[in-house]
Amino acid sequence: MDVKKPASQENLNGNESESQISHLALDIGGSLIKVVYFLRSNGSGGSVDDSGKKSDPVLEGRLHFAKFETSKIIDCLEFIRSKNLHLAGFRHHDASANDKTLIKATGGGAYKFADLIKEKLGVVLDKEDEMDCLVTGANFLLKAVHQEAFTYVDGQKEFLQIDQNDLYPYLLVNIGSGVSMIKVDGDGKFERISGTSVGGGTFWGLGRLLTNCKSFDELLELSHQGNNRVIDMLVGDIYGGSEYSKIGLTSTNIASSFGKAISDNKELKDYKPEDVARSLLRMISNNIGQISYLNALRFGLKRIFFAGFFIRGHAYTMDTISVAVSFWSKGDAKAMFLRHEGFLGALGAFVSYENHGLGGLKTHQSVQQFAVSETYAGKKMCCLVNEDLNDNESIDFGVAFAA
Amino acid sequence: MAGLSEGQTPVLEIDGTLNSNDGNSRGNKGNDKAVVLVGEENSNSNIDTQNQQGGSGGGSEREMPSMHRSGSRPQLDLSKAAIQGNFEVKNPTILLPNQSDDISHLALDIGGSLIKLVYFSRHEDQSIDDKRKKTINERLGISNGNRRSYPILGGRLHFVKFETTKINECLDFIHSKQLHRGGVDSRHWNPGVQVNDNAVIKATGGGAYKFADLFKERLGVSLDKEDEMDCLVAGANFLLKAIRHEAFTHMEGQKEFVQIDTNDLFPYLLVNIGSGVSMIKVDGDGKFERVSGTNVGGGTYWGLGRLLTKCKSFDELLELSQRGDNSTIDMLVGDIYGGMDYSKIGLSASTIASSFGKTISDKKELADYRPEDISLSLLRMISYNIGQISYLNALRFGLKRIFFGGFFIRGHAYTMDTISFAVQFWSKGEAQAMFLRHEGFLGALGAFMSYEKHGLDDLMVHQLVERFPMGAPYTGGRIHGPPLGDLNEKISWMEKFVLKGTEITAPVPMAPSGTTGLGGFEVPLSKGSTLRSDASALNVGVLHLVPTLEVFPLLADPKMYEPNTIDLADHSELEYWFTVLSEHLPDLVDKAVASEGGTDDAKRRGDAFARAFSAHLARLMEEPAAYGKLGLANLLELREECLREFQFLDAYRSIKQRENEASLAVLPDLLVELDSMSKETRLLMLIEGVLAANIFDWGSRACVDLYHKGTIIEIYRMSRNKMQRPWRVDDFDAFKERMLGSGDNKPRPHKRALLFVDNSGADVVLGMLPLARELLRRGTEVVLVANSLPALNDITAMELPDIVAEAAKHCDILRRAAEAGGLLVDAMINTLDGSKENSPSVPLMVVENGCGSPCIDLRQVSSELAAAAKNADLIILEGMGRALHTNFNARFKCEALKLAMVKNQRLAEKLIKGNIYDCVCRYEPAR
């Protein structure tokens, strides 16, 4: 691997007294802010390769992931300040003052909140293209992290070993507030081929209007307990219980989402919020699954990876998307998911530091050895502020700096 | 061209029109009498009219064999059944001339939200034993043996919708019209008949299963369930093939009708947006596959919309969306990128990034959002989604065309725009969304098609005429009950409407339920406007099936043929003609009222006509494409239709008579004058005469003014004196060369000439008849082609034989030719002593053109004319309506001569860069 000379080595060496050196990247979306930061391990005993290439200093540590609601950006900034994450950003060669500190950021909010962040933290956001970051993040994860991708069928997660040499091309479906569908042909080689405005924001927005839920996760939780048959018009409702098998529809297929809310004389309050949430989730998941499959088909893509905060490891969501893809593809295609689904953009922004040739992180072969720790210490630590978002993780990391 | 069903007696057909709406109320007329006289499903008003007219058809009707009417419907009346057509055909159509109402008249599509009805009302279809016609038919080679059969009964298809939740209203409606028993007629004719309890009605849609028991219980009928997809596809194929202006695109509020080449129709993607959405790849008749669909459809819009806005109806929700602003609800790209575009991936700031994405972050409750905004946001989300998935599927199967149908669209401009935008956006402009005017009725129509022996499969585009009855401007695309059937109801409705003016907010009072007058119009709710605010509401008219209409066989390129010369898509043009028609209206009403004796009843009808026609005009002014593609010809025809709707059968009757008599009086002198000239001079004089006589046109304002200044012959002579060549368009020399040749070159005479005549009086008598006589003299057969139904002062095919007979008294050439053509069968013949010369003459014939309009659409002419055209090698089109307003640019397989005087300054400037009273003599050799 091409190893670059770290120009900011003095930063690292000069601050050796500090036990941790941080790198921070942000993905500020319409609904959520995703934070990725690197904390150096305290005791780095295993940092030397067995091969004896001691000339390559390997910086070991953990990548941490945190999320905040965009509406609570102040909390997020406070979190960053409290951990001094912003101080360790990439600096210019001649950096002499904090106001020159650049933090990699992506997402629409990187533009919108640039001034606010400058004011609060005194750092300048270095805006990375959102798609670039998404793809970089996904490529990084799929190549570097063991058991990153999995399928979800009938409530069963099944991890997949992706052959790195047969990874491309694939379809990356990022479900944020809206949905982007990206055809990825290689590192940095990709094209946004489609998308839909019916995404996570729609689920949460409509869900909020319909159920009075206080949070996205509460809404997801509700949907778990609901029964969509109360609200959706099923094929069976139309055909009096008989199936319309001629065209491959069974009586439990949804003919029209929310279609039953028509004929009844019921008001919104007469419906259980659980049922409404379930119906909504199925509608949106199904739709995304369908459009994704059609686009994969169009470009002859074998794999579809679904990511983005909408999924959140929520079983029912993944199940619905999986069913939709399977249904429309008549079983030919399978939906795949990423464990770090919400953090592609932030991760991509983080990885993009290397492009500047300064203080760059290099995914080292050894990364895989460290793999992912599900039981790392920092898991809870990084979501102090935002207790709703409890699925943050960290990845143990080997970071190599060339001599 | 209304109701020219069998092309037999225009009188009957006029009558049919008046009785339109399937005679749902004709209680005020003596039905019994009709039964006695005809014993068939004719309405009595036929008889009234016949008695009035004393037409040749009246008596012969009684000669019809007595009809056997079976009481129970399933029994076919097989008397006189005959296999039609070539016996080598595999499945010959069986014609059951005496089988009338055994054919069920109703089909249903019972969806989750709406019930759609298609029902059929009969035309009168008795064959009149008209000797003149018989002779002509024989001469033209029309005989029952080798002509194509017409298993389709002339009639009308009506389209009605009900909400499924109001299924009882639908049942009442069917019951009141007795549609489940073959329509009201059958009861009238046979009141004592036992009702058959085993009647079967074709139905489709999920509700056909769900409500089967209810129908059995309430109406005593069984629903014969037809497969939904089959019906959808059959309906769409029928519409796309049979209705000329069925499909259109809708971009940014602009509607454009698309001419579909029926030979290049397949494969296409049919997207039916009902409660859910089905996407069907159609490869041909009965050949299709449901390739995709989505559960996010009309039901989702209405269901979510209801939960979020408390709207009471789908239409209310749609209406709301028109005043909405979705940027308060949707997260736009600009919201995420701080007002900037994300141009790298082609997204503008106003692109929706996340539907309903803004209702996340605010602290607002549902009640804090405007229902208008929510409705719009919902509409955009769903329309956009459907457009996208449809496009992806079209792409997947390489389909060029995507047609969107289903009740969700409802002619709603914004919905169509959104879908179109989505398709265009995702296809990067390569694909276009198309919509169908009868969007909601595909399934019902398909179910109707599934009846055997309705013959609709064979129906061609030229055999359908769509009519927009009085209610059309008011009903818009809404759900509404049946149109008012009875003339009296129509008039009183119109009077009430006018009385209340713009204040009307409640539906029109309907006839008491249980009577045949059930139903009515839903009047626009929006105050201050007689018309819907949604400019794009499409009107669905009544489809008239006229099996005898054919495409004029001499058109050089029927596919490219466009009758209208003036495109009213140009708004200033539209405005001009609307003004012309509006200004002419009072005069026309006076004429019409006078023609009916000026009685109080006539005045009342006259007022109602004026209002109804004005309403049509206003509707079209607001939405020119409301009734399909609009040309001047359509507008002029609409006026004639409207007159007939209010039972003004022939407003210019007395004027026409007077002018014919006056002209016939001077004809002999004119003929003598012509005969004294050399061939060359005479030909010029004849053409001049045609052009000069064409000034007698009551359709032209300028000419109406002229009439007050002189007698017919004075005007004619003055006009002829002005006919100095060169005319503005002057191909006379070429025509003369063809006729007379030059030097040794003696061209052969034409074999047969079709003369499309225009006005009564001098125009036909002093202009066209002498020209016809000259052709006959040269040995050319002459066919005079005249209107089937009256329009303005145009001569009709009914009137022409009498005029020819009268002229023949003074001219041997005409007499012998008319005799040979069978025109003098009934008339006084041999009054001239010249009759001793008995050398055979080429015939002079009269055929009707199939029209009731001052213009002519050559895609839909009578079969008689089509047959007559077979051997013709010269066409002469005369007059503004037929040679300028329409067909000015038409090209023919044979020679054509277009003659007209331009009696309208604007048209003169536009068409020939000339002035009013300029003349057109355009000669076009065969193509």
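Biologist: Which residue takes a positive phi in the hairpin of E11(B) and E12(B)?

Modeller: Gly286(B) does, with a phi near 70°, and the hairpin has two residues between its strands. Please keep in mind that this is a predicted model, where local features need pLDDT of at least 70, side-chain atom pairs count only at pLDDT 80 or more, and totals for chains, interfaces and linings use all residues. Residues are numbered from 1 along each chain as its sequence is written, while chains are lettered from A and ligands numbered from 1 in the order in which they are written.

Biologist: How do you know that E11(B) and E12(B) pair?

Modeller: Two strands (E runs in DSSP of at least two residues, numbered from the N terminus) pair if DSSP finds at least two bridges between them. Seven bridges join E11(B) to E12(B), and these strands run antiparallel, so they pass that test. Val282(B) stands opposite Phe288(B) there.

Biologist: And what makes E10(B) a partner of E11(B)?

Modeller: Strand E10, residues 268-273 of chain B, pairs with E11(B) over six bridges in the antiparallel sense. Leu270(B) stands opposite Ile280(B), and a hairpin of three residues joins the two strands.

Biologist: What makes E20 and E23 of chain B edge strands?

Modeller: Both belong to an open sheet of seven strands with mixed pairing, ordered E20-E27-E26-E25-E21-E22-E23 in chain B. E20 (729-730) and E23 (844-848) each pair on one side only, as edge strands do. Helix H27 of chain B, residues 762-777, packs on this sheet, touching E21, E22, E23 and E25. A helix here is a DSSP run of H or I with at least four residues.

Biologist: How do you know that chains A and B touch, and how many residues are in contact?

Modeller: Residues are in contact if their C-beta atoms, placed from the backbone, lie within 7 Å. By that rule, 51 residues of chain B are in contact with 51 residues of chain A. On the chain B side, H14(B) gives the largest share, nine residues.

Terms used. Contact = placed C-beta atoms within 7 Å. Axes fitted to C-alpha atoms, helices over the stretch in contact; angles between N-to-C directions.
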